[in-house]
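These are my notebook entries on a predicted model.

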Amino acid sequence: MSTDPRPAPPFDLGSSAFYEEEHEEFRGVVREFVAREVAPHCAGWDAAHLMPRTLWTAAGEAGLLGLAVPEEHGGLGLTDYRFRAVLDEELVRAGALGAALAFHLADDWVLPHLLADATEEQRRRWLPRVLTGELVTSVAWTEPGAGSDLRGVRTRAVREGGDWVLDGQKTFIGNGISGDAALVLARTDGRTDRAGEDSFSLFLVHKEGSPGYTTGRPLDKMGLRASDTAELFFDGVRVPGGDLVGTEGRGLRQIRRLLPQGRLAIAVASAVVARETLEGTLRYTRERTAFGERVADFQHSRFELAELATQVEVTEAYVRRAVAAFNAGALDLAGASKAKYWASERAKEVTDRCLQLHGGYGYILDQPVAQAFLAARLLTLFGGTSEILRETIGRDLV
């Protein structure tokens, strides 16, 4: 036992326990970009249900797109996921939840496939345009009859000469309207019975110059409205054989192999949303008075805040452990599913209880807590519902 009479320094669950100097330097770049290009415009983007393409080009100029793209393709090669976490934190702090989602879809769902499975020729064609914001991508897997059950996908690609002919419909596609290309999951085995493990392939389908590739109306979401979401339709779309991503028939395996990053990204976003909502609620309850007292001085409020603070800190610690595992190449699908399940459910609970502490003001849409509440509701659905995640975790356990 130590006999040192000096009190031990407090254990810091904040940024200094997780981030290093290089991450904080990067934070300065992100913060300046967000203050200049994002924060003044968030409300207008939400009202329009769309962000301008100039946001993507500005982010490209600032070096904030495709962080993991290697240097040989013009990128920074920042594979340490803490850099992506910094980007999420600063966007959420500015109330730019829609922008955070849009960037996340491109960086955590499409880009990993281009880095892991694209050919060198494809990388030379696509990655420089991703970095500049010239090529905005979306992930087009889900359909009206196939959400978490990707084996239910009915979109088909049939080989015709050196090309593929694509027919089908996708829904819930983020960046679907603003995007230039979609990473499409399509059935390529030519069968009509229940799909198997080798039934699907992935294609990067470009909108420009593709007759039959049409975008449906914007879907009117509860929240995150600045990030456009739409249906996509493919009617006899001819896809060059050179736009097959990976190996024919390996699409599901490729998705499963890279799914941990997508789910980790949602876990990180969930922890950030929970933390920022709690901080805003602490400020509100300290300033708001009722019956001659601060809301924070009521015992019930203190008990609520104490429990929420504990949940947020536990969630941050758990998610940061998952980030460390990912950086070490040790985060498997079950581990990522646990982090996403826990963090998204906590974000949903924290934002709900924080909204209650705001009283009537919490129900006003331009209040940050209301926006966070609506955003958090998506987090338990997107990237695998909590029910699907429990099944994934349970199967791994038994």
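Entry on cavities. I looked up the largest cavity and found a volume of about 170 Å³, in a model where the count comes to 4 cavities of 30 Å³ or more. I then listed its lining, which comprises 15 residues, and noted that Leu97, Ala100, Leu101, Ala269 and Leu379 lie nearest the centre of the cavity.

Entry on helix 3. I went through residues 53-61, which form helix 3, and recorded Leu55, Trp56, Ala58, Ala59 and Gly60 as its buried residues. I next checked what covers these buried residues, and the cover includes helix 1 (21-38), helix 2 (42-48), helix 5 (97-117) and helix 6 (120-132). Following the chain onward, I noted that helix 3 is followed by Gly63, with a positive phi near 75°.

Entry on backbone angles. I kept in mind that most residues other than glycine have a negative phi. I noted His49, which is not a glycine and yet has a positive phi of about 60°; His49 is found in the loop between helix 2 and helix 3. I also noted Leu224, again not a glycine, with a positive phi of about 50°, in the loop between strand 6 (213-218) and strand 7 (229-240).

Technical notes. Residues numbered from 1 in each chain as written. Predicted model: local features only at pLDDT ≥ 70, side-chain atom pairs only at ≥ 80, totals over all residues. Heavy atoms only, no water. Buried < 20%, exposed > 50% of the residue type's maximum accessible area, 1.4 Å probe, protein only. Helix = DSSP H or I, 4+ residues; strand = E, 2+ residues; numbered from the N terminus. Contact = heavy atoms within 4.5 Å. 1 Å grid on protein atoms, 1.4 Å probe; cavity = no way out; pocket = protein on both sides within 12 Å on 5 of 7 lines; lining within 4 Å. Points joined across faces, edges and corners; volume = space filled by probe spheres on them.
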